[in-house]
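Open your viewer and get your selection tool ready.

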Amino acid sequence: MKKRIHSIDIIRGLIMIIMTLDHSRDFLHYPGPSPLNMQTTTVILFFTRWITHFCAPTFVFLSGVSVFLAGRSRTKKELSSFLFKRGLWLILSDLLIISFLFTFDLQYHVLVLEVLWATGCGMIILSLLIRTSLPVVAAIAVIIIFGHNIFDYISLPKNGLGGSAITLLLSAFGSIIPIGANRIIAVLYAAIPWAGAMFLGYVFGSLYQTGFDASRRQKILLISGISFTALFIILRSINHYGDPNPWAIQRNTAHTILSFLNATKQVPSLLFFSMTLGPLLILLSFTEKVGNRFTAVCEVYGNTPYFYFILHLCLLRVINIVLILIEGIPMKSSGSPLVWQAQGFGHPLWAVYLFWIAVVALLYYPCKWYGSYKRAHGQWWLSYI
């Protein structure tokens with residue numbers, strides 16, 4: 001039976017649960033302005049969205065940690081080959097599965113490049129970098145995370161093949177690439193900045209090597225987490241480098257605090273990574289020796305991240321369609337090309353929270369079964385699902 005690292009599975013499971021809240025809001029809430037719009041948002045709506053900012057950085061970072069751990073039982077050549085194929089599979093999953101679940105369009109007029117795309121690209125690039133050395137990967141991670149905001153001050157080409165490549169790798173949220181008659185690619189996640197988080201995770205994965213002193217690992221994680229968090233507070237207070245959208249005084253104290261916390265996720269800024277990876281590292285430090293009923297539940301989902309990711313989106317889309325049919329709403333699109341929604345459909349935020357809890361609960365036993373099956377069997381395809 002394959003050995004798992006409990007603290008990693010606990011945190012990853014917790015993040016999967018929180019992620020479900022965001023997708024429940026996407027599929028079931030009333031359409032309207034962005035929850036991060038300071039002019040229209042409420043505190044509860046903002047935090048419903050903001051807390052889910054921790055999901056993608058954690059997911060990608062821990063993927064990097066898992067890559068290092070996977071390398072313990074493989075040669076570098078075997079690991080490189082696996083990462084390349086795994087990366088391609090994740091990209092295909094985004095194009096074929098996630099695009100359909102989001103857009104609900106079997107003709108695929110809109111292809112969505114989301115977090116699986118970014119993770120897959122990171123794995124493909126890392127499949128080449130692991131043939132170098134850990135210091136090289138660490139240096140590249142630092143350069144990307146701390147340096148990519150320099151492009152906030154540089155005008156990049158947007159047209160032609162070069163412009164499309166830059167859009168895919170470095171562009172801002174919502175960039176559109178035409179690929180033919182009535183078909184487009186919607187780039188929601190830029191590959192290179194997110195790859196930086198994966199490379200950093202790969203470097204931190206070395207702390208989990210067999211024989212590495214646990215107390216020393218916890219200390220490194222804690223100091224690194226505090227340093228990242230302090231960096232966020234300092235740079236955000238200065239309000240210059242590190243994020244393209246500075247915070248500003250709002251109509252009241254609460255919304256001013258929200259503005260301060262509203263770091264840019266797409267493209268993920270240095271401050272966004274500092275704000276999210278800092279608490280993540282602190283939490284990893286404190287969960288090594290934690291064990292209770294709640295962490296045991298989190299581990300169930302953390303054992304099966306890809307399985308849960310696909311399954312929870314399928315269940316949310318089924319719930320969405322069933323509610324539309326029950327309420328007698330015509331299956332007419334509200335007009336959003338990214339997350340299909342029937343015009344006139346939507347539920348209040350308190351109902352979204354109830355659906356979120358229900359979805360997480362319904363998937364507990366399927367994930368528990370699959371996690372047990374995966375640990376007890378060694379078929380090659382289990383590494384991809």
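How many nonpolar, polar and charged residues does the lining of the largest cavity have? By class, that lining holds 4 nonpolar, 2 polar and 2 charged residues; here Ala, Val, Leu, Ile, Met, Phe, Trp, Tyr, Cys and Pro count as nonpolar, Asp, Glu, Lys and Arg as charged, and the others, Gly among them, as polar.

Before you select anything, note that this is a predicted model, where local features need pLDDT of at least 70, side-chain atom pairs count only at pLDDT 80 or more, and totals for chains, interfaces and linings use all residues. Residues are numbered from 1 along each chain as its sequence is written, and side-chain values use heavy atoms, with hydrogens and water left out.

**Stop 1: the cavity.** Select L235, R236, N239, H240, Y241, D243, P246 and L271, which line the largest cavity. Its volume is about 40 Å³, and the whole structure has 1 cavity of 30 Å³ or more. On a 1 Å grid over the protein atoms alone, a cavity is a set of points where a 1.4 Å probe fits but cannot get out, while a pocket is an open set with protein on both sides within 12 Å along at least five of seven lines; lining residues have an atom within 4 Å of a point. Grid points are joined across faces, edges and corners, and a volume is the space filled by probe spheres set on the points.

**Stop 2: the second largest pocket.** Next select R4, R12, S66, A70 and K374, the residues nearest the centre of this pocket among its 33 lining residues. About 990 Å³ of space lies there. Helix α3 (55-70) is among the elements that supply at least two lining residues, and α3 gives the most, with 6. Helices (H or I, at least four residues) and strands (E, at least two) are DSSP runs, numbered from the N terminus.

**Stop 3: helix α1.** Select 6-28, which is α1.

**Stop 4: the strands.** Show β1 (residues 110-113): V110 and V112 point one way, L111 and L113 the other, and all are buried. β1 runs parallel to β3, with 4 bridges joining them (strands pair if DSSP finds at least two bridges between them). L113 has V187 as its bridge partner in β3. Finish at N182, which takes a positive phi near 65° in the hairpin of β2 and β3.

Technical notes. Buried < 20%, exposed > 50% of the residue type's maximum accessible area, 1.4 Å probe, protein only.
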